[in-house]
Amino acid sequence: MTVITTFLDRQLAADAKYGGQADLDECPPLPPALDRHLRSCTRYSPAWLRVNQEIRARCTQRPALVRLLAYTYAGMPGYRPAWQPILTQGRVPSGPGTDLLLERWRGEERLAREAAEEAGLDFAWREVDRQDGQGLVVDGAGRPLWEAAVYPEDGFVISRYGPGRVLRELAARREMLARLDLSAGADQFLRLLAEPYAG
């Protein structure tokens, strides 16, 4: 568990380092579904970073939740296939809080699937020689999202919004919700999952 925890902490630290919102209005136009997906990600990403860090801090003694958090990063170098959690796709108890979350997540999943049809599942950032540290964000087929090079602080953020990562994160969140015992004081955890959508 120490190895997976170290891996997860490094990924959360990288998310925090590059956690700024990319200014998509400064970028050339994208296909509509991809644009909607990226704008949704930039809207919620800073809040989800805080939530994931809080969940990580609380689940030290719950290895199943650590595995679920790390599953988001399954496409990243260093992730071991043996760490992949068993996704039971259990039934989430119905209620005002859970119903709202599931509705939001269905919308995000729809956007991610539409974006994946246009640009593949996973994105990457590649530095370009002689471009002052700038590089290209490439889609799942290896095509640049924009022909123009971007700086690492923008390119790295956008590369982490690949639809594959978002779909893995949504699957992990659903699994967390399904595993909560709402009758045993898990409402604090539920509020934490709902925090990005507050207001």
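Asp154 sits in helix H5, which covers residues 152-159. Keep in mind that this is a predicted model. Asp154 counts as partly exposed, because its relative accessibility is 30%. Together with Asp23, Glu26 and Glu153, Asp154 forms a negative surface patch.

Now the salt bridges. The whole structure has 15 of them. Take Asp15 and Arg160. Their side chains meet in a salt bridge, 2.5 Å from N to O. Where do the two residues lie? Asp15 is in helix H1, residues 2-17, and Arg160 is in the loop between H5 and H6, so the pair ties together parts 145 residues apart in sequence. Buried or exposed, this Asp15? Buried, with a relative accessible area of 11%. Arg160 is buried too, at 7%. There is a network here as well: salt bridges link Asp15, Arg160 and Arg165.

Next, helix H6, residues 163-179. Arg168 is in this helix. Arg168 is buried, at 14% relative accessible area. Its side chain reaches the backbone oxygen of Thr72 at 3.3 Å.

Helix H6 also holds Glu175 and Arg179. These two form a salt bridge, with the closest N and O atoms 3.0 Å apart. They are four residues apart, so about one helical turn separates them. Glu175 is buried at 2% relative accessibility, whereas Arg179 is partly exposed at 34%.

Last, helix H2, residues 32-58. Arg58 and Glu54 both lie there, four residues apart, about one turn of the helix. They form a salt bridge, the closest N and O atoms being 2.8 Å apart. Arg58 is partly exposed at 39% relative accessibility. Glu54 is partly exposed at 32%.

Methods:
Residues numbered from 1 in each chain as written. Predicted model: local features only at pLDDT ≥ 70, side-chain atom pairs only at ≥ 80, totals over all residues. Heavy atoms only, no water. Patch = residues over 30% accessible without salt bridge, like charges linked within 9 Å, V, L, I, M, F, W, Y side chains within 5 Å. Areas by Shrake-Rupley, 256 points an atom, 1.4 Å probe, with all protein chains shown as cover. Salt bridge = Lys/Arg side-chain N within 4 Å of Asp/Glu carboxyl O. Lys, Arg positive; Asp, Glu negative; His and termini not counted. Charge placed at Lys NZ, Arg CZ, Asp CG, Glu CD. Buried < 20%, exposed > 50% of the residue type's maximum accessible area, 1.4 Å probe, protein only. Polar contact = N/O pair within 3.5 Å; in protein donor to acceptor, adjacent residues only side chain to side chain.
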